[in-house]
Amino acid sequence: MIARSWLYVPGDRPDRMAKALAGEADAVVLDLEDAVAPESKTEARQHVLATLADNAAYVRINAPGTDAGEEDIRALAASPGALAGVRVPKSEDPGELRRVADRLGVGVFPILESALGVENAFALATAHSLVAGISLGEADLAADLRVASGPALAWPRSRVVVAARAAGLPSPVQSVWTAVRDLGGLRADTVAGRRAGFFGRSVIHPAQLPVVHEVCAPDEEEVAWARSVVDNDQAAWIDHKGQFVDKAVLERARWLLSIADQYVKKGPQS
């Protein structure tokens, strides 16, 4: 399944983890990093392992090389349960990422949160066959670059999109929208992200899920267009709207159809 939403849940809140796993998120990320206070790391790790014993989920570990990160890796390697993959924060070193992938044997998703991480985007994306996707951690990145978020991050966003696709990975997942109550802002920013080459979004509250799902799902008009392109067996042609269609357009149409069967937005009911 191509996930539209990646819902982060604090690893020290088993009640919230259970609700998230029973909810509408396409992917649930049990968080051992930023959402958990230092004094609660051990407890959170125990709760996450217990949850993975019965449920498939992703885990955001603490940064490899830190005490908490190494404890996370050891614990997950010993009792992986239904671990679907790990999100690896503060990723900068391809060698370190290879070590995590080799140790855990599941898909790894490096999160680029520093200038060095962005500079090494392609090296991280191609560090190991288990690298399943790359993304930005924009709050930490903005702090490292000493900039405000938004337009100042346009270049790093483009960089991670290009690196992901050059490595043959899925389009990157957008970073979290931290203004939980500003659903209008979330919608506008997610639309802009999709146009810029991202697909799907990390979210921190269930209220954000419907907006992200609606924006990411191709609508019926898009699907109809994609099917008309794919069904035409010509090498190149002008479609009914007067637009030139060639191999590149055909590839985009095929990508849209690859997600359409999962997530088609329904039009108005008659």
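Author: A note on terms first: a helix axis is a line fitted to C-alpha atoms over the stretch in contact, and angles run from 0 to 180 degrees between N-to-C directions. Helices (H or I, at least four residues) and strands (E, at least two) are DSSP runs, numbered from the N terminus.

Reader: What kind of model is this, and which residues count for local features?

Author: This is a predicted model, in which local features need pLDDT of at least 70 and side-chain atom pairs count only at pLDDT 80 or more, while totals for chains, interfaces and linings use all residues. Residues are numbered from 1 along each chain as its sequence is written, and side-chain values use heavy atoms, with hydrogens and water left out.

Reader: Start with α3 and α4. At what angle do they cross?

Author: Helix α4 covers residues 94-104, and its axis crosses that of α3 at roughly 25°, coming within 9 Å. The two helices are therefore roughly parallel to each other; that label is for angles under 35 degrees, while over 145 is roughly antiparallel, 65 to 115 roughly perpendicular and the rest oblique.

Reader: Which residues make the contact?

Author: From α3, Glu70, Ile73, Arg74, Leu76 and Ala77; from α4, Arg99, Val100, Arg103 and Leu104. Contact means heavy atoms within 4.5 Å.

Reader: How many of those are charged?

Author: Four are charged, five are nonpolar and none is polar. Ala, Val, Leu, Ile, Met, Phe, Trp, Tyr, Cys and Pro count as nonpolar, Asp, Glu, Lys and Arg as charged, and the others, Gly among them, as polar.

Reader: And α2 with α3, how far apart are the axes?

Author: 11 Å, for α2 (residues 41-52) against α3 (residues 67-78), with a packing angle of about 25°. This pair is therefore roughly parallel too.

Reader: Is the crossing of α2 and α3 left-handed or right-handed?

Author: Right-handed. A crossing gets that name if the near helix is turned clockwise from the far one by less than a right angle, and is left-handed if anticlockwise.

Reader: Which residues meet there?

Author: Arg45, Leu49 and Leu52 in α2 meet Ala68, Glu71, Asp72, Ala75 and Leu76 in α3. By class, the contact has five nonpolar, three charged and no polar residues.

Reader: Where does α1 sit relative to α2?

Author: Helix α1 (residues 14-21) packs on α2 at about 30°, with the axes 10 Å apart. That makes the pair roughly parallel, and α1 passes α2 in a right-handed crossing. Pro14, Met17 and Leu21 of α1 touch His47, Val48 and Thr51 of α2. This contact has four nonpolar, two polar and no charged residues.

Reader: Switching to the core. How many residues does the largest one have?

Author: 52, and Val59, Val86 and Ile134 have the most contacts inside it. A nonpolar core here is a set of buried Ala, Val, Leu, Ile, Met, Phe, Trp, Tyr and Cys residues joined through side-chain atoms within 4.5 Å. A second, separate core has nine residues, among them Ala226, Ala253, Leu257 and Ala260.

Reader: Is Ile134 buried or exposed?

Author: Buried, because its relative accessibility is 3%. Buried means under 20% relative accessible area, exposed over 50% and partly exposed in between, with a 1.4 Å probe and protein chains only. Ile134 lies in the loop between α6 (121-125) and β6 (135-136).

Reader: What does Ile134 touch?

Author: Leaving out residues up to four places away in sequence, the partners of Ile134 include Pro110, Leu112, Val160, Leu169 and Val173.

Reader: Backbone, then. Which residue other than glycine has phi near 55°?

Author: Lys90, in the loop between β4 (83-88) and α4. Lys90 is partly exposed because its relative accessibility is 34%. Arg146 also has a positive phi, about 60°. Arg146 is in the loop between α7 (138-145) and α8 (154-166) and counts as exposed at 79%.

Reader: Last one, Glu24. What does it touch?

Author: Leu209 and His213, not counting residues up to four places away in sequence. Glu24 sits in the loop between α1 and β2 (27-31) and is exposed, at 63% relative accessibility. From Glu24 to Asp34, 10 residues apart in sequence, the C-alpha distance is 23 Å.
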